[in-house]
Amino acid sequence: MEANALESLLEQESVPQKAYFLLEEDAEIEDISTGNIIQWKAKDKFVVQLNPTSYNIRKSTEFQPKGNFNGQYTANYGEFQNNSPKTLHMTLLFDAFFALEQKSGAKTTSTLSFQTESITGESNTMTAKQESRAIDLQKVYIEKILSLTNCAKKTSRPPLVTFQYGSVSFTGYMEFVDVQYKRFDKEGEPIRVEVTLSMKECKKE
């Protein structure tokens, strides 16, 4: 299915278009392990490959009891502190052959099965598809999303970013990113990656 046909189908079924992270400020970030520099500009978009199947927004109310209330649970034995920021938690899936699946018109299920067959070498047809080189997940997606947890050189803090998906707009800092490599090709390069992340709410200045 062509990309525009897919988008039309999603629109007809009232499915939100691609989720993305929008940079709210310029940021120059160095990856300490590789030495690579990632330059983010305000309004840069990091579009996720596949929309999240679910996400969770959490808001808690903190209660601080008085130290000397002597077990008397009256109306003033403590106070609520309703000033904790919201947190956003989600899991994203990245698949090296998803773009090829869109171009070829194959269904996602067949793409996933051909990955397994390519790894085990059980199918010449599937191996030939692998040779056409799928995207490099590490460079195209993982390094960029990991960089959002690093402190920018100018501000000494992670860049402010907004997650946008349908009517949901959540602005804050990346709290953590957990990358789980799920499947690999014959050379050991990741072809399917699951990323769990959390953001802490923060208003734009």
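**Around Phe21**

Guide: Happy to. Leaving aside neighbours within four places in sequence, Phe21 is in contact (heavy atoms within 4.5 Å) with Asp44, Lys45, Phe46, Val48, Leu92, Ile145, Val161, Thr162, Phe163, Met174, Leu197 and Met199. A word on the source: this is a predicted model, where local features need pLDDT of at least 70, side-chain atom pairs count only at pLDDT 80 or more, and totals for chains, interfaces and linings use all residues. Residues are numbered from 1 along each chain as its sequence is written, and side-chain values use heavy atoms, with hydrogens and water left out.

Together with Val195, Leu197 and Met199, Phe21 is among the residues with the most contacts inside the largest nonpolar core, which has 34 residues. Such a core is a set of buried Ala, Val, Leu, Ile, Met, Phe, Trp, Tyr and Cys residues joined through side-chain atoms within 4.5 Å; buried means under 20% relative accessible area, with a 1.4 Å probe and protein chains only. Elements that each supply at least two core residues include strand E1 (20-23), strand E8 (87-95), helix H5 (137-147) and strand E9 (161-165), but the largest share, five residues, comes from E11. Helices (H or I, at least four residues) and strands (E, at least two) are DSSP runs, numbered from the N terminus.

The Thr162 side chain makes a polar contact of 2.5 Å with the side chain of Glu24. Polar contacts are N or O pairs within 3.5 Å; within protein, one atom must be able to donate a hydrogen and the other to accept it, and residues adjacent in sequence count only if both atoms are side-chain atoms.

Now for the rings. Phe21, Phe46, Tyr55, Phe94, Tyr141, Phe163 and Tyr165 form one aromatic cluster, and the whole structure holds seven aromatic pairs. Rings of Phe, Tyr and Trp (its six-membered ring) pair if their centres lie within 6.5 Å; planes under 30 degrees apart are stacked, over 60 edge-to-face and the rest tilted. Phe94 and Tyr141 are a tilted pair because their planes meet at 40°, with centres 4.8 Å apart.

Methods:
Buried < 20%, exposed > 50% of the residue type's maximum accessible area, 1.4 Å probe, protein only.
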